[in-house]
2 protein chains.
Amino acid sequence: MRTMTSPANDRRQRVQAAETGLAILKALTRLGGAASLTAIGNEVGESTAKVHRYLASFVQEGFVVQNPQTLQYHLGTESIRLGLAALRQCDPVRLGEGALLRMRESLETTCFIAVMGNIGPTVLRMEEPPLPVTVNIRPSSVLPLLWSATGQVFLAFTDNADIQQRARQEYAAGSADQRALIPNGPQAIAALCGTVRAQGCAIVRDMLLRGISAVSAPIFDANGHVSAVLTALGASSGFDFRLDGKVCSQIIGEAASISAAMGYLSS
Amino acid sequence: MRTMTSPANDRRQRVQAAETGLAILKALTRLGGAASLTAIGNEVGESTAKVHRYLASFVQEGFVVQNPQTLQYHLGTESIRLGLAALRQCDPVRLGEGALLRMRESLETTCFIAVMGNIGPTVLRMEEPPLPVTVNIRPSSVLPLLWSATGQVFLAFTDNADIQQRARQEYAAGSADQRALIPNGPQAIAALCGTVRAQGCAIVRDMLLRGISAVSAPIFDANGHVSAVLTALGASSGFDFRLDGKVCSQIIGEAASISAAMGYLSS
């Protein structure tokens, strides 16, 4: 039986030539997907003779094509297929599991990841600290767009008329207490979204649940769409909801790391 | 100096282990981007012990991650980056050069590739046979949406209100001869687009230029958008504009091949 020790740590159980090959593909990626043999050799720090043999193999397998006029090497169709397959199975919930565990540990808050379901923002995975604040939220819970930090992030970063319309309906159906939190009426929803975008996160106090505060940040996919939202939630007493505080910083940082793993390039 | 003979044909000048590695990555791609060690081994026809060593290298380089719970292997962030770089430098004009040369040879027609510019469909690359028909079209020419086969393909396969609006403006500004070709008025533009989509190509006789016929087919990118249009054009006398004829068949086939190289998966 294989042990659970990662063989990636043991150089003898790997294949050196495969790693050299992938390093050359990464170099071509960093060079924008097209470059000369000399430029690739310089980028990867290997001789052109050696790089040339690897490129011949990449061409053979369809990962790279060589332009016969310019002699430049370009990433080819198999590279596109590999990337598209990677994108299709790229799952913010799976990629975010580590972040949830780290946040539970260091922030000692309830943390979850939500995606946009057919009804609204839906919690898919949740981690709670040893002494959690008791909330009526669990995986499968659907959250409001306007009255939750999670929903506000989807609202602020999604350019979709249907979602904006649903937020106005939520406002119209909101309680007097809730409406008092957006005192300038439904036209102030746009300003709220602007604030969330400028902050890079939504901060909500006592809005959805009395005595509960939450901070949420967006997870972007490779196309720049919000694919999920990362949230930390705790009792308002003792919850650090300052924008430059520990909770906001860690959530924004963890969400950015997951976005990077999804292929998102922040500009 | 290197010779121009492709080293890809000479096994000794390649790297066997790199090719085995890429074959394993292709197998994982075919399996949807996530699979067990056993499934990958079966797919690629190698022992699990061998595949395991390669996967350890892929994990080391970030092309693959292993889910610690399920032990499944997933394509990772570096695979996404590679694919996105390949997509960004993926150029229908470069990928279509071979098709233009083949079409010029076997159809003996003028052939070109056009993309949608800021003014309209714009010819970027053109190949002419030894005895070309004289037309006032060259690289940089902007073609109409409605009165050219090229434009009709962009119109039929692009879901964009602005482009539809420009087609109606062209109709309004069209000559009496041109309007006579779309006898049921501007509302017939939608029916024309439906025909083009059903055929997979646009066939135009004497519409833009008297005595000139043209056939055009769409080149799709990985997102299913029309990234370019491939066109063959010749004197109407002797031009085979039958849908099941030689010209239409070859253009549709060549355009489909370029689409596949762009990462497009036809459904």
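Accessible areas here come from the Shrake-Rupley method with a 1.4 Å probe, and for residues only the protein chains shown count as cover. On that basis, chain A has an accessible surface of about 12400 Å², with 51% of it belonging to carbon and sulfur atoms.

Quick housekeeping, everyone. This is a predicted model, where local features need pLDDT of at least 70, side-chain atom pairs count only at pLDDT 80 or more, and totals for chains, interfaces and linings use all residues. Residues are numbered from 1 along each chain as its sequence is written, chains are lettered from A and ligands numbered from 1 in the order in which they are written, and side-chain values use heavy atoms, leaving out hydrogens and water.

Okay, the overall layout. Chain A has domain 1 (7-88) and domain 2 (92-261), with bounds from an automatic or database domain assignment. Their centres, taken over C-alpha atoms, sit 40 Å apart. The C-alpha atoms of chain A fill a box of roughly 75 × 45 × 30 Å along the principal axes.

Now, the inside. What share of chain A's 267 residues count as buried? It's 52%, where buried means under 20% relative accessible area, with a 1.4 Å probe and protein chains only. The largest nonpolar core has 92 residues, and Phe58(A), Leu230(A), Phe58(B) and Leu230(B) touch the most other members. Such a core is a set of buried Ala, Val, Leu, Ile, Met, Phe, Trp, Tyr and Cys residues joined through side-chain atoms within 4.5 Å.

Let's zoom in on Leu230(A). Beyond its neighbours within four places in sequence, its contacts (heavy atoms within 4.5 Å) include Leu100(A), Phe112(A) and Ile258(A).

How values were computed: Buried means under 20% relative accessible area, exposed over 50%, partly exposed in between (1.4 Å probe, protein chains only).
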